[in-house]
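Visitor: I'm new to looking at protein models. Could you pick one part of this one and take me through it closely, step by step?

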Amino acid sequence: MIDADRLHAVITAELARRRADVAAVDPRLVADVELLVEFVTDGGKRLRPQFLWCGWLAGGGAATGPDADAVLQVAAALELLQACALLHDDIIDRSQRRRGRPSTHRAVAKRAADAGVAADPEHHGVSVAILLGDLALAWCDDLFLAGALPLGAAHRAAPVWRAMRTEVLAGQLLDLAVTVSAEADPATQERDAMRVNRYKTAAYTIERPLHLGAALAGAAPATIAALRTYGTDIGVAFQLRDDLLGVFGDPAVTGKPAGDDLVEGKQTVLLALARAELGRAPDRVGELADLDAGVGRADADTEKLTAIIAGTGAVGAVERRIAELVGTGLAALSSIGPDGRSAVPDPVHERLADMAVAATARRR
């Protein structure tokens with residue numbers, strides 16, 4: 001497992017330097033940048049760095065020493081990339097809360113309103129959060145290079161880094177396109193949702209961090225192939241679990257309101273399966289109409305919508321898919337390379353098996 005204390009030290013040291021850089025431009029900017037610093041240092045499960053570390057070890061990388069220290073720089077870069085994605089995602093989704101606290105754009109808006117310093121506090125909050133996300137994106141690229149160059153691995157790792165950034169942003173764009181297009185056919189809705197899951201979440205959360213760590217280590221092709229198959233399957237299962245939590249999760253645990261995904265109008269596999277079942281039952285056409293009319297509305301009756309979905313077999317179907325994906329993902333770790341040896345060393349295999357369960361059976 002990645003050394004959380006060492007990773008935290010890398011992150012805090014880098015952000016302290018960056019905060020000083022911004023303060024040198026103008027001290028008035030420190031209060032805004034401090035929100036980004038707190039966001040990165042105080043929260044999150046550090047999933048991406050953990051998967052990166054597993055990829056590094058699977059490829060034969062050392063757990064200690066100068067090379068390991070360099071990999072921690074890349075791990076910190078992933079956390080800054082995640083901060084950028086979440087800050088912007090909260091704006092796109094109009095999310096009011098994140099990790100049990102006001103989302104960044106809401107916190108800035110409230111501060112501006114309380115101080116009376118902005119004619120339009122809401123717009124000011126969104127503007128600041130966008131720019132803070134942009135700062136995080138710029139800084140993450142710097143950290144990636146700070147780690148990859150000393151390892152002499154930039155030529156191997158840069159294509160993976162580029163692909164990951166493009167995939168997560170393209171996945172977000174696809175998510176918006178799918179929501180706007182309002183495709184009526186549940187089967188098409190389901191395919192679209194799975195494609196969004198693949199690129200917006202699976203690649204960015206698990207597959208590419210594993211791939212990136214393995215590329216930094218110069219892993220064999222068989223190892224990279226096994227890790228990527230595992231990462232894709234477990235990553236999609238992770239998002240399917242997130243879809244369930246977005247409708248049925250406990251706000252005290254998830255840090256977000258129950259039914260938040262329904263208010264935001266997220267086109268999930270869960271929702272597509274529920275619509276498909278309701279559409280096949282002539283006596284449930286009223287429930288389908290209520291579901292379609294309510295999803296995506298700020299004033300949605302989330303209890304009613306949740307009850308409609310719970311009254312279908314969609315939840316059980318999603319649970320079965322999660323179990324199937326975990327099974328195929330774990331099976332990939334047992335593949336054998338052309339040299340007759342396991343593509344993924346036993347200690348890393350065991351760690352990834354534990355992480356697969358933790359990522360897909362979680363309550364938040």
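Guide: Happy to! A residue is called buried when its relative accessible area is under 20%, exposed when that area is over 50%, and partly exposed in between. Keep in mind that the model is predicted. By that rule, buried residues make up 51% of the 364 residues in the chain.

Let's get our bearings before zooming in. The chain holds 16 helices and two strands. Along its principal axes, the C-alpha trace spans about 65 × 65 × 30 Å. The radius of gyration is 21 Å, which agrees with the value near 21 Å that a compact globule of 364 residues would have. Among contacts with a separation of 6 or more, 75% are between residues 24 or more positions apart. The accessible surface comes to about 15,900 Å², with carbon and sulfur atoms accounting for 57% of that area.

Now for our close look: a pair of helices and what links them. Please find R208 and E167, whose side chains form a salt bridge with the closest N and O atoms 2.7 Å apart. R208 sits in helix α8 and E167 in helix α7 (residues 154–181), so this pair ties together parts that are 41 residues apart in sequence. How accessible are the two partners? R208 has 9% relative accessibility, and because buried means under 20%, R208 counts as buried. E167 has 13%, so E167 counts as buried as well.

Stay in helix α8, which runs over residues 186–217, and look for H211. With a relative accessibility of 11%, H211 is buried too. What does H211 touch? Leaving out residues up to four places away in sequence, H211 touches V160, I224 and R228.

Going back to helix α7, you will find L176 there. L176 has 37% relative accessibility, which means that L176 counts as partly exposed. D93 is 83 residues away from L176 in sequence, yet their C-alpha atoms are 9.8 Å apart in space.

E122 belongs to helix α6 (residues 121–148) and R106 to helix α5 (residues 104–115), so the two tie together parts that are 16 residues apart in sequence. Here E122 is partly exposed at 43%, and R106 is partly exposed at 21%.

Another salt bridge links R284 with E287, with 2.8 Å between the closest N and O atoms. In that pair, R284 is buried at 15% relative accessibility, while E287 is partly exposed at 26%. Elsewhere, salt bridges that share partners join E14, R17, R18 and D142 into one network.

Let's step back to the charges of the whole chain. There are 40 positive and 49 negative charges, and their mean positions are 2 Å apart.

How values were computed:
Residues numbered from 1 in each chain as written. Predicted model: local features only at pLDDT ≥ 70, side-chain atom pairs only at ≥ 80, totals over all residues. Heavy atoms only, no water. Helix = DSSP H or I, 4+ residues; strand = E, 2+ residues; numbered from the N terminus. Rg over C-alpha atoms; globule rule 2.2 N^0.38 Å. Buried < 20%, exposed > 50% of the residue type's maximum accessible area, 1.4 Å probe, protein only. Contact = heavy atoms within 4.5 Å. Areas by Shrake-Rupley, 256 points an atom, 1.4 Å probe, with all protein chains shown as cover. Lys, Arg positive; Asp, Glu negative; His and termini not counted. Charge placed at Lys NZ, Arg CZ, Asp CG, Glu CD. Salt bridge = Lys/Arg side-chain N within 4 Å of Asp/Glu carboxyl O.
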